[in-house]
Amino acid sequence: ALASRGIAFHFNFDPVTQTWKDDKGKGVELLSYLKDFLKTKFGVSKIEIYYYTAYPADGTRDYSLDKKHKFFTYLKKALGYKVRKKELKRIVVHKEKGDLIEEKGNMDVEMTIDAVHNIEEYSIAVFFSGDSDFMPLVTYIRNRGKKVYIFSSKNNISSELRTGADK
């Protein structure tokens with residue numbers, strides 16, 4: 001559970017790009033320093049970081065997925081992250097030139113459930129997302145007296161989140 005007066009932190013992996021990097025090109029090194037950075041930035045002693053990701057189903061790639069699953073284990077055991085993961089949903093799309101398979105790995109619902117379920121356990125929520133779909137969640141959290149901070153690149157944050165969060 002999140003500590004009282006702690007921070008709920010959410011970090012998204014984009015399964016489309018198949019990279020572990022954020023929008024500034026940082027990778028695993030960013031994830032290992034994140035707890036200390038956020039503790040210092042927000043003046044808290046305890047922090048819980050949730051990592052959300054969707055991964056390809058076995059047999060859908062010409063490479064092994066073992067490294068991804070080892071990475072999830074590293075996040076949990078070495079860094080103490082709470083990892084929420086699910087298999088990418090495969091959807092057949094019918095086109096004139098034939099059927100295509102699209103993959104979707106949206107984690108918005110899982111993030112929302114965790115944030116709402118644990119709302120009494122934190123005083124600050126931090127989201128690394130620019131998606132305007134999170135504005136109702138931001139409003140919900142703020143209406144319960146919590147601070148909400150959004151981290152996103154300048155060109156990747158919705159106007160709703162830019163004006164609706166605490167920063």
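**Burial and helix packing in a predicted model**

Student: Does Leu 34 count as buried or exposed, given 3% relative accessibility?

Tutor: Buried means under 20% relative accessible area, exposed over 50% and partly exposed in between, with a 1.4 Å probe and protein chains only. At 3% relative accessibility, Leu 34 therefore counts as buried.

Student: What are the conventions here?

Tutor: This is a predicted model, in which local features need pLDDT of at least 70 and side-chain atom pairs count only at pLDDT 80 or more, while totals for chains, interfaces and linings use all residues. Residues are numbered from 1 along each chain as its sequence is written, and side-chain values use heavy atoms, with hydrogens and water left out.

Student: In which helix is the place of Leu 34?

Tutor: Helices are DSSP runs of H or I with at least four residues, strands are runs of E with at least two, and both are numbered from the N terminus. Leu 34 and Leu 79 are 45 residues apart in sequence and 9.6 Å apart in space, C-alpha to C-alpha. The element that holds Leu 34, residues 28-42, is helix α1.

Student: Which pattern does the protein follow along the sequence?

Tutor: The secondary structure comes to five helices and seven strands. Read along the sequence, their order is β-α-β-α-β-β-β-α-β-α-β-α.

Student: What share of the residues of the protein count as buried?

Tutor: The accessible surface, from the Shrake-Rupley method with a 1.4 Å probe and only the protein chains shown as cover for residues, comes to about 9,900 Å², and 49% of that belongs to carbon and sulfur atoms. Of the 167 residues, the buried share is 43%.

Student: How are α3 and α4 oriented to each other?

Tutor: Axes are lines fitted to C-alpha atoms, for helices over the stretch in contact, and angles run from 0 to 180 degrees between N-to-C directions. The axes of α3 (residues 108-117) and α4 (residues 135-142) come within 11 Å and cross at roughly 5°. Angles under 35 degrees count as roughly parallel, over 145 as roughly antiparallel, 65 to 115 as roughly perpendicular and the rest as oblique. The orientation of α3 and α4 is therefore roughly parallel.

Student: Which residues of α4 make the contact with α3?

Tutor: Contact means heavy atoms within 4.5 Å. From α3 come Thr 112, Ala 115 and Val 116, and from α4 come Leu 137, Tyr 140 and Ile 141.

Student: Around the axis of α4, what arc do the buried residues cover?

Tutor: The buried residues of α4 are Met 135, Leu 137, Val 138 and Ile 141. The arc is that of the directions from the helix axis to the C-beta atoms. These residues lie on the same side of α4, because their arc is only 160°.

Student: Which residues on the other side of α3 are exposed?

Tutor: Asp 108, Met 111, Asp 114 and Ala 115 of α3 are buried. They cover an arc of only 135° around the axis, which puts them on the same side of α3. On the other side, the exposed residues are Val 109, Ile 113 and His 117.

Student: Which residues does Ser 158 touch, not counting those up to four places away in sequence?

Tutor: Ser 158 lies in the loop between β7 and α5. Ser 158 is buried, with a relative accessible area of 12%. With those sequence neighbours left out, Ser 158 touches Gly 130, Asp 131 and Ser 132.
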